[in-house]
Amino acid sequence: MKFPSLPSPSRVLERVPARRRLPLAVYAATQVIFLLWWAAFYPGAMSYDSISYVWHVTTGHWMSNHSVVYDGLLWLSLQSTGDVALLTFLQTVAMASALAYVAMTLRQFGIKGKWSFSAAVACALLPPIGSFVIFVWKDVPFAIGAVLAFGAAGRLAARRLRGALEVRDRAFRREIAMLFLGFLCMGLFRNNGLLVAVLALPVLLLTLPLIRRWVLFATVVPVAIAALLNTVIYPAIGVQTPTKDMVYAMNYADIAVVYGREPKSFSKAETDLMSKVAPLSHWRGRAANCYDADWAMQKPMDRRAAEKYNDQLLDLWFRVLGRSPDQMISARLCRSHIAWSLFPGPADLAGNTMISRPRISENLYGWADWNSAMKHSKYRPVLVMRPLSDPLNSAATFVWEASTTPQLQWLLVRGAFWCYAAYTVLLLLARRLRAWAPVAMLAIPLGLQLTVIAANPAPLARYMYAPVFLGILALPLLGAHPRLARRTGGKARLELSLTEPKYPAKDDPHWKAPATAR
């Protein structure tokens, strides 16, 4: 009996429409790589925060100090499969899809498929951010939202360059929807994520002037939804709000830093107030470390007393800001150096880059030692790393450890470098095209960077992983350059300023035949 032969991969590829080949290739390649990370660290890597999510959803202690939406997704995974593997698997699918989306965006700038493909694959291959996707962390869908918003902003910029920004077709509405979804993800999955949309909004309004109402819809509405959920909906359905000492811990740390540097600037009434919360030796000692706000909140800090006197402490914070703004700003910049500095600070003061290893602690990062609910949880057996392949786990662990070499952290781990790289690429492109449209893409990494600078508790690498993705994805734009332009009424207007992509631009429904250069 003769069995029919299977078609060759090349023949299968030929059956796929040309404009679908690039996104399918990017999705398939990155999905396979993410699945290798997933199999190596199955069912997913965890941190202290990850265990707190499990505690929230398995003991009825739903709290909004972390993302309630992400807690809900974790609950669904545990209820439907009894494990977290489904959640981490879906994260790999979502990120691979987002990378494919951005690859298609780059094609609209005339980037050859091999370069956008390479950039997307690099995002999946690099150990710090590739393995990051399989963590049980709210920061993962937050980063996915940032990638989607970046891709959508790029498509709107490309429409402006083609002179098609005024066309309100299905593709336009889809791009606005993706921009909306990206900002909504950032607002829902991190409590300060809505600030990214607020900071990105002015740049988007300036660079996309013909669709300002649409841009306002895609940014303001997600902010309003996230704010409404946190302030009204969650408390109404019984979700506990974070205590004041959690919310304002960074303000207390600011006071400690300034007191440690200028103790004589504090009055006796102010120091009496501070001593009700913690000994003054703590305020001017360990708490005065500007790199990590957690040092201020550790014992002998009385967190219950801090909550009790919170309003008075906030009044003190404003007074200190008024008389020592330089020291207060210095404290914030010191604590947020992960967002703007290429290199880490002193390790003895917790200024080093804090990178979470892809693992699961045997004692659940201390939760099993002091929390009886987690020690005897029925889910305890699945909160253990169970690699699908031990050799794969060993290889993945080796390359991950190698990637955290201190001399390489500026490139592989710290997002500040990639923010500056993205700014450079996009500004060079705008200058080359003689158009501000590409700067719209700059709004997303800028919003991410400024959000971390504004409020950051410690130099945690994961807070800047989203800009690493965006910086790498922006690199292929170095290959986009103007081709044909003509002048109308004394003003330069770009008719077709993009090099032709690997797959014919005619596949794009908005493609226009190139005008004759005049």
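Q: Where does pLDDT stay under 50?
A: The model is predicted, and pLDDT, the predictor's confidence in each residue from 0 to 100, stays under 50 over residues 484-518. For these residues the model has 62 contacts beyond four places in sequence, a contact being heavy atoms within 4.5 Å. Where pLDDT is low, the predicted coordinates should not be read in detail.

Q: And what does the protein average in pLDDT?
A: The average is 91, and 90% of the residues score at least 70.

Q: Which conventions apply?
A: Residues are numbered from 1 along each chain as its sequence is written, and side-chain values use heavy atoms, with hydrogens and water left out. Because this is a predicted model, local features need pLDDT of at least 70 and side-chain atom pairs count only at pLDDT 80 or more, while totals for chains, interfaces and linings use all residues.

Q: On to packing. At what angle do the axes of α26 and α27 cross?
A: Helix α26 (residues 439-454) and helix α27 (residues 465-474) have axes that cross at roughly 155° and come within 10 Å. Helices are DSSP runs (H or I, at least four residues), numbered from the N terminus; axes are lines fitted to C-alpha atoms over the stretch in contact, with angles from 0 to 180 degrees between N-to-C directions. The two helices are therefore roughly antiparallel to each other, the term for angles over 145 degrees.

Q: Which residues make that contact?
A: I444, P445 and L448 of α26 meet A466, P467 and L470 of α27. They divide into six nonpolar, no polar and no charged, where Ala, Val, Leu, Ile, Met, Phe, Trp, Tyr, Cys and Pro count as nonpolar, Asp, Glu, Lys and Arg as charged, and the others, Gly among them, as polar.

Q: What about α25 and α26?
A: The axes of helix α25 (residues 416-433) and α26 come within 9 Å and cross at roughly 160°. That makes α25 roughly antiparallel to α26. The contact includes C419, Y420 and L426 of α25, with V439, M441 and Q449 among the residues of α26. Its residues divide into twelve nonpolar, one polar and no charged.

Q: How do α10 and α11 pack?
A: Helix α10 (residues 194-207) packs against helix α11 (residues 212-236) at an angle of about 170°, their axes being 9 Å apart. α10 is therefore roughly antiparallel to α11. Among the contact residues are L194 and L201 of α10 and R212 and T219 of α11; the contact divides into twelve nonpolar, one polar and one charged.

Q: Changing topic, how many salt bridges are there?
A: A search of the whole structure finds 14, a salt bridge being a side-chain nitrogen of Lys or Arg within 4 Å of a carboxyl oxygen of Asp or Glu. In one of them, D139 pairs with R462, and the closest N and O atoms are 2.6 Å apart. This pair links distant parts of the chain, 323 residues apart: D139 is in helix α8 (residues 139-162) and R462 in the loop between α26 and α27.

Q: Is the peptide bond from Y42 to P43 cis or trans?
A: That bond is cis, with omega near 5°, and P43 lies in the loop between α2 (18-40) and α3 (48-59). A cis peptide bond also joins K299 and P300, with omega about 15°; P300 is in the loop between α16 (294-297) and α17 (303-308).

Q: And what is the phi of A350?
A: A350 has a positive phi of about 60°, although it is not a glycine. Its place is in the loop between α20 (337-340) and α21 (367-370).

Technical notes. Angles under 35 degrees count as roughly parallel, over 145 as roughly antiparallel, 65 to 115 as roughly perpendicular and the rest as oblique.
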